[in-house]
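Take a moment with the sequence and the fold below. Then follow the strands one by one.

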Amino acid sequence: MRLPLAAAAAAVLAAVVPSQGRKDYALDIAWNRLYDYDEVTTLCDRLQATWPKFITKLALGQSSEGRTVWMLVVNQPDTGADTAKPAFYSDANIHGNEVQGAETNLYLVWYLMEHYGKLDRVTELVDRVAWYIVPSVNVDARAHWFAEANTSSSFRSGAMPLDSDGDGLKDEDPADDLDGDGHITRMRKRVPLGEGTHREMRDHPGVMERVRGDVPGDWILLGSEGIDNDGDGRVNEDGPGGYDMNRNWPSGWAPGYIQFGAGNYPLSQPETRGIADFILEHPNIAGAQAFHNAGGMILRGPGHAEYGNYPAPDVRVYDELGKDGEFMLPFYRYMVIHKDLYTVWGGFVNWTYEGLGIFSFTNEMWSSRRMMQAADRLSAEDRRRWDDLLTLGENYRPWQPYEHPLYGAIEIGGSAQMTGRLPPTWLMEEELHRNAAFVMRHAEQMPEPILGEPLVRVAAGGLRYVDVEVRNDRLIPTRSRLAADKKIGLPDRLEIAGPSLRVIAGGEPIDRHRLMRIELQQRDPARLRREGGVPSRGVWHARWIVAGAGPFTVHYRAEKGRDQTVDGSL
């Protein structure tokens, strides 16, 4: 049977031209949806089962309700153990309702694995860098947020019961799904025209807008759906939990009367303690990321003004990465937490940088300004029109009458749980990829010190000069200026040794051409130490004056760089 000419031509083209827009993946995962805690655990298992050589699943401990906080370690064992390389740490969902960061971290692992051996830059990242990925920190709240009726902002806390209103009872007055529709929406009450604070939008019935000036209102808003469960005259004032794990870290921690939700002391929660123990046991971590939502922000510390300013060399590193992030993430802004957002005491990325010297960012994922052209000038009416035309009402629950025991005749309705802090499902994969790409950009710029070959030259009196250089062409130094100034961790080290070698002096050359000009290390000159490490896109020059003959070895060691050895001969 002969094919028609058009069909035959199509068959030939298919044989030689890859199908556009299609890839054959080792593991198909839908990235246009969200996953609850059990599904996240299953995805971790599937990723590990698909790439068992590269991925290890670790338990970092148990939550207050007994769920496991999982970590995926991604490492290419053929290029060394994960602890022998610079590593990148990323987590998400420390606030229970801020969910899509977990999918971003899973996407990051999936993307690295799917493109390893196919894209040179991805292959280099996996070969050179170890990855410590925690999809969800607040596993209890994530489980509750998906399983129960919530708003987009509820169940931010963990699930350990607390007495938030000081009445001796714990979690006794949460929001209530009064109409049983599976959502915690809003309550409103009609009042005489002119006595209300709100009215329905003229072109979008059901959408409330605040009245101003001479415009009369006929509705008042009563807050989230719920009743006065404990009879104290207040509604929804003591919901689940009441602590904030992003106020529970050691750097800049302040007690609860200054920073609500801080906990009794730093690392008082089992989830934060387990993560801190892991990070402290892995000084090779050279970059860190935390994913939150929402608002479209790339945040760095300080979290509070009292800290002061970060060292200028470190700010230059932050600024370059932050500007890259703004370029990669439309409508995201690079910001300083306390100056451009609000004060945070005891935040995670403040601890990882201010306490450990690790360059760290928080991304507040999703900006509603991405929704359409001229999004920076969107009015409430524009947003509602966007929802009407593109989601066909999915984001809103119709108002329904309800007889409230405290407020009488009211109506319940408004924004649904997935509204506001999350992109619509059909924009989700793009959001995940852009944020994962920002992490990969940060990881690409982590230090890569390279120990050069030794240079031996004749010195007076039968001695020799031995010079070596350690070069770092990446943006991030092997030690941040903060780590150097506060002596956090170990300095970079260079050591020379040989069976017939005796070290007379050692240090850093002041003038590379005038060999006797050396800034000498006062003690133990065979083992040079440099608090500042190898600088951003810079070089550490070292010089020894030695006596003897024969072979020798130079060792380089750094917490955030590979140990390296070169041989030479006198």
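**Through the sheet and its helices**

Tyr89 stands opposite Ala288 in β9. This is a predicted model, where local features need pLDDT of at least 70, side-chain atom pairs count only at pLDDT 80 or more, and totals for chains, interfaces and linings use all residues. Residues are numbered from 1 along each chain as its sequence is written, and side-chain values use heavy atoms, leaving out hydrogens and water.

Start with strand β9 (285–293). Strands (E, at least two residues) and helices (H or I, at least four) are DSSP runs, numbered from the N terminus. β3 and β9 pair in the parallel sense, over six bridges. Two strands pair if DSSP finds at least two bridges between them. β9 also pairs with β12, again in the parallel sense, over seven bridges. There, His292 stands opposite Glu364 in β12. Is β9 mostly covered or mostly open? It is mostly covered: nine of its nine residues are buried. Buried means under 20% relative accessible area, with exposed over 50% and partly exposed in between (1.4 Å probe, protein chains only).

Now step to β3 (residues 87–92), which runs parallel to β4 (residues 130–134). Five bridges join these two strands. Phe88 stands opposite Trp131 in β4.

Next, widen the view. The open sheet has eight strands, in the order β1-β2-β4-β3-β9-β12-β10-β11, and its pairing is mixed. Which strands form the edges? They are β1 (55–62) and β11 (333–336), each pairing on one side only. From one strand to the next, the twist averages 20°.

Helices lie on this sheet too. Helix α6 (residues 270–280) lies across β1, β2, β3, β4 and β9, at about 130° to β1. Helix α11 packs on the sheet as well, touching β3, β4, β9, β10 and β12. Its direction makes about 170° with that of β12. Contact means heavy atoms within 4.5 Å. Axes are lines fitted to C-alpha atoms, for helices over the stretch in contact, and angles run from 0 to 180 degrees between N-to-C directions.

Finally, look at α4 (residues 120–128) and α11 (residues 425–444). They pack at an angle of about 60°, with their axes 11 Å apart. The two helices are therefore oblique to each other. Angles under 35 degrees count as roughly parallel, over 145 as roughly antiparallel, 65 to 115 as roughly perpendicular, and the rest as oblique. Which residues make the contact? Arg121, Leu125 and Arg128 come from α4, and Met440, Ala443 and Glu444 from α11.
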